[in-house]
Amino acid sequence: MFVLSEISDTIPIAPNTFAYDSAIAVQDSINKKYANKLIPGVGLALAFYDILTCGEGKIKWGDGLVWHKTNFRLTVFAPIEGEVIVGTVHSSTTDHIRVSLGFFSDIYIPKHALPPNTFFDHEDDAFFMLPDMEEVDVGEPDEAKKDPFNSDKATQRLYMYRGEAIRFRVTNLEWQEIEPEAPNIRDKPRELDPETGMPKELTREEIQQKETQREKEAGLRIIASIEEQGMGHPEWWLNT
């Protein structure tokens, strides 16, 4: 899940850091440029690890910076296909469960990758599984399959609520180039309630739309599955 990745780059040192030790100034500049940034095809850079080589600083005309050709290593979040990870449920829509690791939250478990007999509860905005039910298609039941929502089955439902732990297997890493939106679109404020003057609460449909838009805008999207035994909520398997 975490690897050391070697990077070569020319690192700038600003004049206001000239009084610092050169190694510390280079390290700070590397962290400022790379920490919490996606490196295409590599993963999510988390933090500086160490410097392998650092050339003599050179000053370019006009900017006042000292530039060092540097080879260094970063700690990178780079899961591989087939890896099993434990995260927490961030949110759920009728199409997927979104999972967070705290520092990364673009992990998606599509509904076709959920266990058999898993259904979406619109009241709780959460998926639940009925392990003892005769196997039916994953998703919302049709008129002939409303048994999962009968009150007598309520105690049998195994919910995957927001904030709860979930164990999943990585099935695919999807990289995509995202064009940045104009600031007036990206930072558009929410509509105000004329009575209270406060931003209006988002409707369920608007929340679903925001989740869908978030998935489309993810530079790195991890696709996962919990359909096999041992996956899902860890407590499901404590007595097996």
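In which sense do strand β1 (residues 2-13) and strand β5 (residues 66-77) pair, and over how many bridges? I found the antiparallel sense, with 12 bridges between β1 and β5. A reminder to myself: this is a predicted model.

Next I looked for other partners of β5. Strand β3 (residues 43-54) pairs with β5 in the antiparallel sense too, over eight bridges. I then picked out V76 in β5: V3 stands opposite V76, and A45 stands opposite V76 as well.

Strand β4 (residues 58-59) also pairs with β5, again in the antiparallel sense, over two bridges. Here I noted K58 opposite W67 in β5. The hairpin of β4 and β5 has six residues between the strands, and I saw that G62 in this hairpin takes a positive phi near 105°.

Then I turned to D50, which sits in β3. What does D50 touch, once residues up to four places away in sequence are set aside? I got F72 and R73. The side chains of D50 and R73 make a polar contact at 2.6 Å. For D50 and F72, 22 residues apart along the chain, I read a C-alpha separation of 5.8 Å.

Last, I stepped back to the whole chain. I counted three helices and 13 strands. Of its 240 residues, 36% are buried. Among contacts with a separation of 6 or more, 66% join residues 24 or more positions apart. The chain exposes about 14900 Å², and carbon and sulfur atoms supply 50% of that area.

Methods
Residues are numbered from 1 along each chain as its sequence is written. This is a predicted model: local features need pLDDT of at least 70, side-chain atom pairs count only at pLDDT 80 or more; totals for chains, interfaces and linings use all residues. Side-chain values use heavy atoms; hydrogens and water are left out. Helices (H or I, at least four residues) and strands (E, at least two) are DSSP runs, numbered from the N terminus. Buried means under 20% relative accessible area, exposed over 50%, partly exposed in between (1.4 Å probe, protein chains only). Contact means heavy atoms within 4.5 Å. Accessible areas come from the Shrake-Rupley method with a 1.4 Å probe; for residues, only the protein chains shown count as cover. A polar contact is a pair of N or O atoms within 3.5 Å; within protein, one must be able to donate a hydrogen and the other to accept it, and residues adjacent in sequence count only if both atoms are side-chain atoms. Two strands pair if DSSP finds at least two bridges between them.
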